[in-house]
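Work through the exercises below with the sequence and the model open. Try each task before reading its solution.

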Amino acid sequence: CQLLTVHGRTREQKGHKTGLANWEHIKAVKESVKIPVVSNGNIRYLSDVTECLRETGVDGVMTAEGNLTNPALFTGKMPAVWVMAEEYIQLARQYPPAVSAVRAHLFRLWHKCLPLHPDLRTALASASGFEKLVEVNESLTSRVLASCGSDVDVMADQVASSDVEVWRCQPYMRPALPSGEASEKREHTSDGEESKPKKVKRPANKRKGGNPIESREVRKAAAFQSKYKTCCDCTGNPGGMKCEHNRCRPCCKKYCGRNTYDCVGHKLRFATRLAQRNAEGGSGDGSIETPADSTNPPARETPSSLPPVAVDTVS
């Protein structure tokens, strides 16, 4: 390893527990290694860069979230949001990313002024192309200039204060963690030693020696049985959703044919067809007589079936 970047937060500091970075941890890492170290965290203004270099002794400073809300952070300026947005949209057109990524970046640029213009917030969220993004940026520009005048300073110097115009690029002030909520999961005893973390009981399918694939199949089978009713005869197939006999189609066909039943769900009509044959004078034993037509001509009489003929004999 020739270069090390240290983010001054623990792995538990994320989401609503992110809080502020700890420069003391970064300083401890710098004093423990002999390679260049770059610090990351709590860089909101250009003055924070000088302060971080002085307190930690690192070789460089980087920032991620600060550049999203103020791309001109390292210049010491707080430009108007529409100036940075216009330049960013031009670069996005030259090197086109996904439109969703551009929208997300513009939301970070305009995070202070969008709550005052909910209609523009809705238009930005539904924008599907660069033309719509330019239209939203122009609408925001015209509204600010109409209320503040056309002689506003669009490239003012950075001021570490919350009393700044909402239409300027300014850092997102991350709230500190509540005093009663620990930022780390592990606690320390009274003598300074780190206590062991509490053991978390894992589910049966994730314990040592368990078979996650088998457990997954069991869960899928249980979900299948709870959603669909199974066949009464065979347990491998689901029963028909509209079958009045609670059977799958193969089993229902056998069951209805054996007992001469109908099934509307599977469109089986054994009882109906039998009643029709009985009404037409059929035998009712299930046999179907084939009518005589040109395709099935009647059998011709053989000589053995003809009546006997009397023959006179001459003696």
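The model is predicted, so local features need pLDDT of at least 70 and side-chain atom pairs count only at pLDDT 80 or more, while totals for chains, interfaces and linings use all residues. Residues are numbered from 1 along each chain as its sequence is written, and side-chain values use heavy atoms, with hydrogens and water left out.

**Exercise 1. Describe how helix 1 and helix 2 pack.**

Step 1. Locate the elements. Helices (H or I, at least four residues) and strands (E, at least two) are DSSP runs numbered from the N terminus. Helix 1 spans residues 23-32 and helix 2 spans residues 46-56.

Step 2. Take the geometry. Axes are lines fitted to C-alpha atoms, for helices over the stretch in contact, and angles run from 0 to 180 degrees between N-to-C directions. For helix 1 and helix 2 the angle is about 50 degrees and the axes are 9 Å apart.

Step 3. Classify. Angles under 35 degrees count as roughly parallel, over 145 as roughly antiparallel, 65 to 115 as roughly perpendicular and the rest as oblique. Helix 1 and helix 2 are therefore oblique to each other.

Step 4. List the contacts (heavy atoms within 4.5 Å). From helix 1, Trp 23, Ile 26, Lys 27 and Lys 30 meet Asp 48, Glu 51, Cys 52, Glu 55 and Thr 56 of helix 2.

**Exercise 2. Is Ser 39 buried or exposed, and what does Thr 5 touch?**

Step 1. Buried means under 20% relative accessible area, exposed over 50%, and partly exposed in between (1.4 Å probe, protein chains only).

Step 2. Ser 39 is in strand 2 (residues 37-40) and, at 0% relative accessibility, counts as buried. Leaving aside neighbours within four places in sequence, its contacts include Val 6, Ile 26, Cys 52 and Val 58.

Step 3. Thr 5 is in strand 1 (residues 4-7) and is partly exposed at 40%. Not counting residues up to four places away in sequence, Thr 5 touches Val 38, Asn 40 and Met 62. The C-alpha atoms of Thr 5 and Asn 40 are 7.1 Å apart, although the two are 35 residues apart along the chain.

**Exercise 3. Classify the ring pair of Tyr 255 and Tyr 261.**

Step 1. Rings of Phe, Tyr and Trp (its six-membered ring) pair if their centres lie within 6.5 Å; planes under 30 degrees apart count as stacked, over 60 as edge-to-face and the rest as tilted. The count comes to two aromatic pairs.

Step 2. The centres of Tyr 255 and Tyr 261 are 5.6 Å apart and their planes are at 55 degrees, so the pair is tilted.

Step 3. Tyr 255 is buried at 19%, whereas Tyr 261 is partly exposed at 36%.
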